[in-house]
Amino acid sequence: MEKGPDHGKHRYGMVIDLDKCTGCGTCAVACAAENNVSVRQDESDKERSISWMQIFKITNGKPYPDTEVSYFPRPCMHCEEDGHGHHTSPCVTVCVATATKLDPNSGIVSQIYTRCIGCRYCQAACPYKARYFNWWDAYFPKGKGLDRYLTPEVSPRMRGVVEKCTFCHHRLMRAKTRAYAEDRREIEEDEYITACTEACPAQAITFGDLNNPKHRVSRLAKSPNAFRLLERLNTKPKVYYLSTKDWVRKLADNYLPDEFKPLS
Amino acid sequence: MELNRRNFIKFLVGGVAGIHVTPLPWKLTDDSAIWTQNWPWVPVPPEGAFATESTVCTLCPGGCGIEVRKVDERTVKIEGRTDYPVNPGGPCPVGMGGLQLLCNEDIRFTRPMKRVGPRGSGDFKDITWDEAMEALRGRLAGLREQGRPEALVAIDGSPRGSTQALLLERLLMSMGSSNYTRIPSAEDTFWMAGILMQGNEGPMAFDLENADFILSFGSGLLEGWGAPGRVLNAWGMWRGEQKGKTRIVQVDSRASNTASKADRWVAVKPGTEAALALGLAHVLVTKNLYDRAFVRDHAFGFEPWESSDGKRRAGFKALLLEKYAPSKVSRMTGVPAAEIERLATDFARARAPLALCGKGKGDLNGSLYETMAVLALNALVGGINRRGGVLVHDKLPLDPFAAVEADAIASAGLRKGRLDGAGSATFPFAQSLVNRLPELVLKSRSTPVDTVLVLAANPLYTLPGSGAYRRMFEKVPFIVSFSPYRDETAMMADLILPDHVFLEKLQDVVWPSGLQYPLVGLSRPVIEPLYRTRHAGDVLIGLAKGLGEGVADNFPWENFEEALKERFKGIAEGAPGLTSFDGSTPPWETMASGGDIRADYESLDDLWEKMQSGGLWFRPAHAYGVRNGLFKTPTGRFEFFSTQIELALEEQSQHGGTDEVLARMGVSARGDEACMPHFEEASSGGDPAHYPLILVPYEMINLASGWIPSPPFLFKTIFDNQLLKQDSFVELNPETAAKLNLRQGQRVMVESPAGRIQARVSLFEGAAPGAAYLPLGLGHTAYDEFLKDKGANPNEIIEPARDPLSGLPAWWNTRVRLRRI
Amino acid sequence: MDSPTHSYGVKRCSPGVFFLWTLPWLGILAWGGLSAVLCLWKGLNQTNMSNVFAFALWIVFDLAVIALGAGAFFTGFLTYIVGKKELKDIINAAVIIGFICYSGAMAMLGIDIGQPLRGWFIFWHANVHSMLVEVSFCITCYLMVLTIEFIPIILENRTLQKVRELRLFGHNLHEIMAVFAATGTFLSFFHQGSLGGMFGVMYARPFAARGGFYIWPWTFFLFVLSAIAAGPLFTILCTKLTEFITRKKLVPDQAVQSLAKISAWLLSLYLVFKFIDTLGWANSLVPKAGLRFMDFYREGPYGFWMVVAELGICGILPAVILMIPKVRQQQGWLIFAGLLTCAGIVLNRFVFIIVTLAIPVMPFDRFWSYLPTWQEWGVGLAVVGYGFLLFSAAYRYLPVFPKEPELNPAAD
Ligand SMILES: Nc1nc2c(c(=O)[nH]1)N[C@H]1C(S)=C(S)[C@@H](COP(=O)(O)OP(=O)(O)OC[C@H]3O[C@@H](n4cnc5c(=O)[nH]c(N)nc54)[C@H](O)[C@@H]3O)O[C@H]1N2
Ligand SMILES: Nc1nc2c(c(=O)[nH]1)N[C@H]1C(S)=C(S)[C@@H](COP(=O)(O)OP(=O)(O)OC[C@H]3O[C@@H](n4cnc5c(=O)[nH]c(N)nc54)[C@H](O)[C@@H]3O)O[C@H]1N2
Ligand code: SF4
Ligand code: SF4
Ligand code: SF4
Ligand code: SF4
Ligand code: SF4
C-alpha cells in the first residue's frame with residue numbers, strides 16, 4: 001500500500017455502549033436515510049434486505065421471568081491490517097476489482113459501487129454480514145415521489161453491486177472541505193461524526209479517531225468493559241462495544257468451555 | 001507462403017496483436033461498463049444549496065426538536081437538535097424516517113377528493129378546493145337548517161389542548177353540537193386521576209430526570225412512553241454520566257426492552273399492576289416507611305375519619321391493610337411476597353422515588369383506578385410536587401379563546417347534550433367517550449349521527465375493537481376526513497379535505513406528554529406544501545366563515561396562524577418563560593430555582609417572533625416542595641379518598657341506590673372502596689374455558705401504532721420473527737406453546753369472541769405463561785405496498801370492555817385461543 | 001454408416017437418430033438459456049442466493065466442474081511431459097472434457113456476477129492479493145490453452161483435413177503441443193490451487209480458513225491434489241459412459257488402467273494430506289477461534305455425516321478399491337470407485353462453499369438454509385446439456401478415440 005504523508009495518522013472508530021443501547025433502531029433508520037439505502041416492499045426478507053447498520057437482538061436464554069434481551073447494533077467494523085503484514089480487512093483482501101479499499105489515512109474501508117463487479121467474494125469473506133448485495137434495482141417506483149428525499153451526497157446504487165457502511169465517508173469529506181475552507185489542516189472531534197452516532201437518542205454511540213488520545217473513543221475503547229465482535233479472528237475491528245453484562249459479552253465471540261473470563 | 005512453424009507462430013502472434021490494436025472491441029467494452037454505471041433508472045438526486053432549518057416534530061405527542069437538512073427546496077434528512085430541551089439529541093426512529101411520510105404520493109392525498117365508488121373501496125375523484133369546501137359547508141348548513149346540528153360528530157386525534165383541537169371543538173359548538181369526541185390516550189386517564197386526587201387540571205408531570213428510583217408500572221419507557229425523545233435521551237444519561245445513580249424497576253408481564261434494560265424486572269400477571277402498587281403501599285404502611293408528614297398535613301382520606309353525617313369512614317389505610325397484604329397481592333400478581341416487601345422497602349428508602357404509569361406508549365388510555373393507585377403510591381412516599389416526583393401544575397395560560405356565543409339554533413342543539421354520555425351521571429369524569437359511538441349508531445335504526453368529521457385520527461385502525469368502528473362508519477350517512485394520509489378511516493370517507501403533513505404545517509405542540517415543566521413547541525413549516533393540500537385549521541376557519549352569521553362570529557381570525565398567535569397572549573402577558581435553549585444546563589437542573597424566571601420577550605409580537613426562530617416557549621422553573629394551596633380538591637388536600645367520586649355517587653343515588661350507579665359505571669367495588677384506588681379484576685369477553693390465553697397487545701418504539709403510518713425505513717429494524725411477509729408473530733412462552741402443541745413459525749388463527757386474525761408463533765422465554773403477545777402497528781389494510789397487508793392488527797380482535805369509572809375502553813384483557821392452520 | 005464427415009473406419013448412427021439423441025440436451029440447454037436470460041435481464045433476484053449465500057449452486061457447479069475437468073491438464077501433463085505414451089489414446093477425450101468443463105464454468109461465472117459487463121474489471125483493476133483474481137487470470141489463460149489444444153482435434157476432422165492450410169496448421173499446433181501442455185499444467189496448478197486458496201484465505205471464516213505455506217493456505221495444495229486425483233477418473237467415467245452408450249470399446253484398457261492407477265496413488269496421497277490438514281486445523285485454528293471441531297456439525301442438515309461421506313465413503317473406500325490392481329481391473333469396481341471419488345470431490349467443494357456460508361460465525365446469528373430456484377438449476381444443468389452435446393458432436397465428427405477403428409474392426 002502506498003504510504004502518503006498521513007499514513008496511519010487517523011483511525012476512525014466507533015464505540016457502542018450496549019448498556020445504553022435501547023434497541024430502538026434510530027441508528028439504522030438514520031443510516032438508511034443518510035445514505036440513500038433503498039427500501040423494498042418486503043423488508044422481512046432479511047437475507048436480501050439492506051441495512052448497513054443492522055440491529056441484532058440477543059437474549060440470555062433464561063426461562064421466565066429471568067429472561068433478558070439486548071441488542072448489537074452492527075455497522076461495518078472497518079476491519080484492519082492484522083499487524084503482521086499478512087492480510088488486510090477480510091473483504092479488502094479478497095476483492096477482485098479493488099472495489100473496496102482500506103484507506104490508510106482514515107482507516108475507513110471504502111466501497112466503490114461503480115467498480116464493483118458483484119462477485120460477492122467479499123460477502124463470503126466478511127464474518128459480520130456487514131456487506132449487502134443489490135439483488136434488485138433501487139426501489140423508487142416511478143411517480144411515487146420517494147426519490148424526492150434522496151440526498152445528493154451519496155449516489156444511489158445500481159443493482160448487482162455490493163454496498164455497506166462507509167462510516168458516512170461523505171461526512172468526513174464535508175468536514176474536511178469546511179476545515180480547508182477555513183484554512184485548517186485538522187478537523188475537530190465533533191466535526192466528523194457519523195449519522196448513526198448523531199441520531200442515537202440514548203447517546204449509545206461515540207465516534208472519533210482512535211489514534212487521537214484526546215478523542216472520547218480512544219478512551220472508551222480502552223475501558224475494561226470494551227470488547228469487539230469476533231475479536232479472536234484477528235480482523236481488528238474498529239468498532240468497539242461496551243457492556244457490563246457478562247452474558248452479552250460472552251455472545252460477542254466464540255469461547256471454548258471455561259475460556260470466557262467474566263467481568264464480575 | 002509456406003505454412004511452417006515459423007510462419008505459423010508469426011500468424012498466431014500477429015493475429016492476436018492485430019485484434020488488440022483495433023479500437024472497436026475496447027471501446028465497446030468500456031462503453032458498456034460505463035453504461036452500467038449510469039443506468040437511467042437509477043435515480044440521480046439533484047444537487048443544490050445545502051441548508052438546515054429547525055422545527056419541532058409532530059409525528060407523536062412527544063414533540064422533539066428536529067433539524068431538517070435541505071438541498072434547495074428538497075428536504076433530504078431529518079436530524080435531532082441539541083438546542084431543544086425535550087430531546088437534546090436524536091429523535092426516535094419514526095421521526096428519523098419522517099421524510100418518507102412527506103414524499104410518498106401513494107400514502108398521501110395530494111388534493112381534495114370525493115368518493116365515487118362504494119364505501120371503503122378507495123375509489124375517489126379529484127375535486128377542487130372550492131367544490132370540497134362547498135360540499136361540506138352545504139352539509140353543515142343543511143343540518144342547521146333542519147334543526148339538528150347535534151347530528152354533527154367530530155372524532156379528533158389532535159393533541160389535547162392544541163389550537164387545531166380547539167378550533168374543531170369550537171366549530172361544533174358554534175354549529176350547535178356537543179359531540180366533539182377525542183381519541184382516548186393515557187393523557188385522559190392522567191387528567192381524570194389528577195382531577196380526582198389533586199384537583200388540578202394541569203398535565204401529569206413526571207420529574208424523571210431528578211428521580212433516583214423509577215418504578216414503572218408497565219410504562220414502556222423504551223417503547224415510546226411519554227415524550228419518547230425525552231425518555232430515550234434520559235435513558236442514555238442514566239446509563240452514562242449518571243450511571244448507578246438512578247435505579248429503574250420495570251413492572252411488566254413480558255421481557256420488553258424496558259424490562260430487560262431496567263435494573264430490575266418485576267414480572268406480573270398481565271393487568272394486575274394496580275394490585276402490585278397497592279401491595280407496595282401496604283408494605284409502606286405496615287413497615288412505617290411512608291411519609292407521615294405529607295399524609296398528615298396534606299392528604300385526606302388516609303386515616304379513618306368521621307364524615308359530616310356522623311358515619312365512621314375507614315379510609316385508604318384500612319383498605320390497604322385489609323385487602324393488600326403481600327401474601328394476597330402475591331396471589332393476584334404472581335410476584336412473590338418477599339419480592340413485594342423488598343421492592344417496597346427499596347422504593348421507600350430511595351431519595352427521590354417515582355412511580356410511573358400509563359400502559360406501553362400511552363397512546364391508548366390506561367385504567368383509572370390503576371393510575372390512582374400509582375399516584376397514591378407516589379403520595380405515600382411524599383413524592384407529590386417534590387423534586388424527582390410527580391409535579392402538580394395548573395393549566396398552561398394559553399388563551400382558550402373567548403367563550404362560544406351560541407345562536408338560537410346552536411343553543412337548541414347544545415341543550416341536547418352529548419350522545420356519548422361523557423360527563424353524564426354514568427360517566428361523570430369522562431370528557432368524551434368515542435368508544436360509545438359505535439353502539440349508539442348501530443343500535444338505532446336511524447342513526448343519531450349524520451356527519452362525522454375525522455381529524456388527525458384513524459379510529460378504524462388505532463382503536464381497540466376496530467371492527468365496531470368499521471360497522472359504524474358503514475352506517476353513518478356522511479364522513480369527512482381531513483387526513484393527509486390514505487388511512488383506513490379515510491378510505492371510508494365521502495369527502496377528503498387533505499391536511500398538510502408535518503413539515504409543511506404550522507402547529508403548536510402543547511406540553512409534550514409527561515414533561516415536568518411547561519413547554520409549548522412551535523412546529524414551523526420548513527417546506528412549501530408539496531401538493532394541493534390545505535391546513536386543517538384554515539379549512540375549519542374557512543368553513544365557519546362560510547356558515548354565515550352565528551357561526552362565523554365565533555371565528556374572528558383570518559387564518560390559523562392568527563388564531564394560534566392569539567393563544568399566546570396569555571403567555572406573553574402572564575407567564576414568564578424562555579424562548580431559547582442553549583443546551584448547556586438541562587431544564588430539570590435549573591427548575592429548582594423556584595419559579596423566579598425572567599421572560600426573554602416583551603410583548604406578544606416579540607414572543608411570537610422569537611418562537612418562530614427558536615421553536616419553543618418553556619418555563620424551566622418550579623416551586624418544588626410547595627403543597628399549601630396546591631391541591632384544588634374539595635378538601636384542599638391530596639385525596640386518597642376522592643370526595644368528588646363520593647359526591648357524584650351521592651348525586652346520582654337519587655336515581656337509584658349507589659350500588660346501582662356503581663354497576664352502571666362498571667365498578668365492581670362497593671361503598672367507600674369505590675372512592676379510593678383499588679384493584680378490580682379485569683372482566684372482559686371470553687370464557688377462560690374456551691379462550692384460555694390472555695391477549696396482550698404490545699407496542700414497539702420502531703413502529704408507529706397511532707394514526708401516523710410507519711415510515712417504510714422502519715421495516716429494516718423489524719425482525720423476521722416479528723414480521724415475515726404477510727404474517728406478524730404472536731409471542732408465546734415456550735411452555736405455553738408446548739401445552740398447545742405449537743412450534744416456532746407455525747401459522748395460527750388468534751381467535752377472540754370479537755373475531756380472528758392470522759399470525760405465526762414466536763417462542764419467547766420472556767413472554768408470560770398463559771399470555772399471547774401481539775405487536776401494535778402492523779396489519780394495515782390501507783396505504784401502499786410498504787404497509788398494506790403486513791401482519792395483523794390486534795385491535796381487530798380486541799373486545800373492549802369499559803374501564804371502571806372512566807368509561808374509556810379497557811383493551812388489555814381480551815381472552816383468546818389459538819388454532820393451528 | 002460411413003459419411004465424409006466421420007473419421008475413417010468408424011461407424012456412426014444415422015443423422016436422424018443423432019438428432020433424436022440431442023433433443024433432451026437441447027431441451028436442457030433451452031431451459032438454461034431462458035434462465036440465463038432472466039438472470040441477466042432481471043438480475044440475480046431470480047435466484048435464491050442471498051447476502052448469506054453469496055456463493056451458491058453455481059459456484060458449487062463451477063468448482064466441481066473445474067475439479068473434474070482437471071483430467072485435461074493432468075493427462076496432458078502425463079502424456080506430453082512425463083511421456084506416458086499409452087495415454088495418447090485418451091488424451092483427446094480428456095482435452096474435450098476439460099474444454100467443456102472450463103468453458104461451461106466461465107459462462108456460468110459470467111451470469112453469476114452482478115455486473116457481467118464489468119467482468120473485465122478483474123483484469124483492469126486487478127487486486128493482486130485476491131485469490132479470485134489469480135483464479136480468473138489462470139482460468140482465462142487456461143481456457144485459451146484448452147482451445148488451442150482442442151483446435152488440432154477439430155482440424156483432424158475428415159472434411160477439414162482436405163484443406164491443406166488447415167491440415168498444416170493443425171499439424172504445427174500438434175507439434176508444439178508439449179509447450180501448451182506445460183503452460184496448461186502450470187496455469188492449472190495455480191488456478192486449481194487458488195480455488196482452494198479462495199476459501200483458505202477467508203481468515204474470518206473459521207470453517208474454511210487454513211494456515212499455509214507463504215501466501216498459499218493448505219487448501220491451495222489440497223484442491224490441486226484432489227483435482228488431479230478425481231479429474232482423470234472423471235475422464236475415465238466419461239469414456240466408459242460413451243462406451244456404454246455406443247456399445248463399443250473405445251479406449252484400450254492399458255490407458256484406462258494407467259490413469260486409474262495414478263489416480264489411486266494421488267487420491268491416497270490426497271487423503272493423507274486431507275487428514276493431516278483436518279487434524280491440524282481442528283487442533284489449531286479452530287480452538288483459536290474459540291470453537292471445537294464438532295461445533296461446525298450442528299447446524300441444519302450439515303452434520304458429522306458429511307465428514308464420513310466425504311472422507312470415508314467417497315475417500316478411503318474408492319482409494320482402497322483403486323489401489324488393489326485386481327479389483328481396479330474389474331470394470332464394475334472401477335466405475336464404482338470413480339463415481340465415489342468424483343462424488344467425494346463434489347461434496348468437498350459443496351462443503352467449502354455452502355457449509356462455510358451456512359454456518360454462522362457470530363454466536364448470536366442463526367443458521368440459514370438455501371434451496372436453488374429453477375433458474376439456478378437451469379443455468380447449472382445447462383453445462384451438463386452443453387457437455388453432452390459437445391462431446392456427442394465431437395465423438396461423431398472427430399477422431400476423439402484414435403484406437404476406435406482398431407478396437408472395432410469393421411464387421412465386413
Ligand atoms: N463511496 C465512494 N467511493 C468512491 C467514490 C465515491 O464517490 N464514493 N469516488 C471514486 C473516485 S471518483 C475516486 S477518484 C476515488 C478516490 O479514491 P482514493 O484515491 O482512495 O481517495 P482519497 O481518499 O480521496 O485519497 C487517497 C489518499 O491519498 C492521500 N494523499 C493525499 N495527498 C497525498 C500525497 O501528496 N501523497 C500521497 N502519497 N498520498 C496523498 C489521502 O490522504 C488519501 O489517504 O474514490 C472512488 N471511490
Ligand atoms: N471535498 C471533496 N471534493 C472532491 C473530492 C473529494 O474527495 N473530496 N474528490 C474529487 C474527485 S476525485 C472527483 S472524481 C469529483 C467527483 O465529483 P462529482 O462528480 O461531483 O461526484 P459525485 O458526488 O460522486 O457524483 C456526482 C453526482 O452524480 C450523480 N449520479 C450518479 N449516477 C449518475 C448517473 O447515472 N447520471 C447522472 N447524470 N448523474 C449521476 C450523483 O448522484 C451525484 O449527484 O469530486 C472531486 N471533489
Ligand atoms: S439508536 Fe442508539 S439506542 Fe437505538 S438501537 Fe441504535 S445504538 Fe441502540
Ligand atoms: S466488517 Fe466486513 S465489510 Fe466491514 S471491513 Fe470487516 S470484513 Fe469488511
Ligand atoms: S462484490 Fe464487488 S466489492 Fe465484493 S469482492 Fe466482488 S468486486 Fe469486490
Ligand atoms: S457510520 Fe454511517 S454508514 Fe455506517 S452505519 Fe453509521 S450511519 Fe450508516
Ligand atoms: S418521539 Fe415523537 S416527536 Fe420525537 S421524533 Fe419521534 S415521533 Fe417525532
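Around ligand 4 sit A:Cys76, A:Met77, A:His78, A:Cys79, A:Pro90, A:Cys91, A:Val109, A:Cys126, A:Tyr128, A:Ala130, A:Arg131 and A:Lys164. By class, this shell has nine nonpolar residues, one polar residue and two charged residues. The model is a predicted one.

**The A–B interface**

How many residues does each chain bring to the contact? Chain A brings 75 and chain B brings 73. Together the two chains bury about 6000 Å². Carbon and sulfur atoms account for 58% of that area. On the chain A side, three residues lead: A:Tyr64, A:Lys144 and A:Arg148 give 13% of the area that chain A buries against chain B, more than any other three residues.

The polar side of the interface can be counted too. Chains A and B share 32 residue pairs in polar contact, with both residues at pLDDT 80 or more. Several elements of chain A each supply at least two residues to the side that touches chain B: α1 (26–34), β2 (54–59), β3 (69–74), α4 (169–181) and α5 (195–199). Helix α1(A) gives the largest share, seven residues. By class, the side of chain A that touches chain B has 32 nonpolar, 19 polar and 24 charged residues.

Nine salt bridges run between chain A and chain B. One of them joins the side chains of A:Asp42 and B:Lys725, at 2.9 Å from N to O.

**Salt bridges within and between chains**

Over all chains, the structure holds 84 salt bridges.

| Salt bridge | N to O distance |
|---|---|
| A:Asp42 – B:Lys725 | 2.9 Å |
| A:Glu153 – A:Arg174 | 2.6 Å |
| B:Arg69 – B:Glu79 | 4.0 Å |
| B:Glu731 – B:Arg254 | 2.7 Å |

Take chain A to begin with. A:Glu153 and A:Arg174 form a salt bridge, with the closest N and O atoms 2.6 Å apart. A:Glu153 is in the loop between β6 (131–133) and β7 (162–164) of chain A, and A:Arg174 is in helix α4 of chain A, so the pair ties together parts 21 residues apart in sequence. Are these residues buried or partly exposed? A:Glu153 has 22% relative accessibility, so A:Glu153 counts as partly exposed. A:Arg174, at 27% relative accessibility, also counts as partly exposed.

Now chain B. The side chains of B:Arg69 and B:Glu79 meet in a salt bridge of 4.0 Å, N to O. B:Arg69 lies in strand β2 (residues 65–71) of chain B and B:Glu79 in strand β3 (residues 74–80) of chain B, 10 residues apart. B:Arg69 counts as buried because its relative accessibility is 11%. B:Glu79 is buried as well, with a relative accessible area of 5%.

**A network**

A network of salt bridges links A:Glu34, A:Glu153, A:Arg171, A:Arg174, A:Glu198, B:Arg69, B:Lys77 and B:Glu79. Its members come from chain A and chain B.

Terms used:
Residues numbered from 1 in each chain as written. Chains lettered and ligands numbered in written order. Predicted model: local features only at pLDDT ≥ 70, side-chain atom pairs only at ≥ 80, totals over all residues. Heavy atoms only, no water. Near = heavy atom within 4 Å. Nonpolar A, V, L, I, M, F, W, Y, C, P; charged D, E, K, R; others polar. Contact = heavy atoms within 4.5 Å. Buried area = accessible area lost by both parts, 1.4 Å probe. Polar contact = N/O pair within 3.5 Å; in protein donor to acceptor, adjacent residues only side chain to side chain. Helix = DSSP H or I, 4+ residues; strand = E, 2+ residues; numbered from the N terminus. Buried < 20%, exposed > 50% of the residue type's maximum accessible area, 1.4 Å probe, protein only.
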